[in-house]
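This report describes a single protein chain for a reader who has its sequence and coordinates at hand. Please look over both before reading on.

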Amino acid sequence: MDSLTRYAMAQREIALAIGEPPATKGYPPSVFAKLPGLVERAGNAERGGGSITAFYTVLTEGDDQQDPIADSARAILDGHIVLSRTLAEAGHYPAIDIEASISRAMTAIASPDQLQEARIFKQLFSRYQRNRDLISVGAYSPGHDPQLDEAVKRFPSLENFLQQNIDECATLAEARQALHALIGGRA
């Protein structure tokens, strides 16, 4: 599938042409009714199969996470990977925004230890990002917030973990091992 956004735009044109009134950001209600049907067609039809059946792209204007099609896709799909223009411009590849990305299936496929390590990783990363402005202008002083102190200390390693060269390859086992080594006894 090329793009859920392009599919929705085409459905919008058809619906408007036959006289359906526009609703959310110019999209008629029928567009939002057709998206689940399209997405569900890619399913396994076998309960509990658990395989990835499709990757859909959703394009947003100006990285607007509140775009109605992006919002609808988030509600329908089992997860989403958000690519960030800001990260790409900073040379951070892959440019995946881990704070905005989510997987509903992760709890069913990862061990409790992996879930705990991933949660701690995201908490540290997010804590640093929420305080990034204070840190960059020098308003942060260590010793007042132990969690922020740890996030600041570990941030270069956290950011390095998230980056990968185009010719670099890592297996799932290697990635799990690297995450475990990074989070260590904190989990």
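Is Lys25 buried or exposed?

## A lysine in a loop

Lys25 is exposed, because its relative accessible area is 54%, where exposed means over 50%, buried means under 20% and partly exposed lies in between, as found with a 1.4 Å probe and protein chains only. Lys25 sits in the loop between α1 (4-17) and α2 (29-40), and it has a positive phi of about 45° although it is not a glycine. Most residues other than glycine have a negative phi, and most peptide bonds are trans.

## Basis of the model

The model is predicted, so that local features need a pLDDT of at least 70 and side-chain atom pairs count only at pLDDT 80 or more, whereas totals for chains, interfaces and linings use all residues. Residues are numbered from 1 along each chain as its sequence is written, and side-chain values use heavy atoms, with hydrogens and water left out.

## Overall build

The chain has 9 helices and 2 strands, which are DSSP runs numbered from the N terminus (H or I over at least four residues for helices, E over at least two for strands). Read from the N terminus, the order of the elements is α-α-α-β-α-β-α-α-α-α-α.

The radius of gyration of the chain is 20 Å, whereas a compact globule of 187 residues would have one near 16 Å; the radius is taken over C-alpha atoms, and the globule rule is 2.2 Å times the number of residues to the power 0.38. Along the principal axes, the C-alpha atoms fill a box of roughly 65 × 45 × 30 Å. Of the contacts with a separation of 6 or more, 53% join residues 24 or more positions apart, a contact being heavy atoms within 4.5 Å.

## Surface and charge

Buried residues make up 28% of the 187 residues in the chain. The chain exposes about 12300 Å², of which carbon and sulfur atoms supply 54%; these accessible areas come from the Shrake-Rupley method with a 1.4 Å probe, and for residues only the protein chains shown count as cover.

The chain carries 18 positive and 24 negative charges, whose mean positions are 4 Å apart. Lys and Arg count as positive and Asp and Glu as negative, while His and the chain ends are not counted, and each charge is placed at NZ of Lys, CZ of Arg, CG of Asp or CD of Glu.

Which residues have the most contacts inside the largest nonpolar core? They are Phe121, Leu124, Phe125, Leu158 and Ile183, in a core of 16 residues, where a nonpolar core is a set of buried Ala, Val, Leu, Ile, Met, Phe, Trp, Tyr and Cys residues joined through side-chain atoms within 4.5 Å. The elements that give two or more residues to this core are α6 (112-130), α8 (146-162) and α9 (172-183). A second, separate core has 12 residues, including Val31, Leu38, Val39 and Ile69. In soluble globular proteins, nonpolar side chains tend to be buried together.

With neighbours within four places in sequence left aside, Ile183 is in contact with Glu117, Ile120, Phe121, Leu124 and Arg154. Ala178 is found in helix α9 and counts as partly exposed, because its relative accessibility is 35%. Between the C-alpha atoms of Ala178 and Phe161 the distance is 7.8 Å, for a separation of 17 residues in sequence.

Ser72 belongs to helix α3 (residues 68-76) and is buried, because its relative accessible area is 14%. Not counting residues up to four places away in sequence, Ser72 touches Phe32 and Leu35. Ala33 is found in helix α2 and counts as exposed, because its relative accessibility is 58%.

## Loops

In the loop between α4 (85-89) and β2 (102-103) lies Pro94, and the peptide bond from Tyr93 to Pro94 is cis, with omega near -5°. Ala100 lies in the loop between α4 and β2 and is partly exposed, because its relative accessibility is 28%. Leaving aside neighbours within four places in sequence, Ala100 is in contact with His80 and Val82.

Tyr140 has its place in the loop between α7 (132-136) and α8. Residues up to four places away in sequence not being counted, Tyr140 touches Leu134, Ile135, Leu148, Asp149 and Val152.
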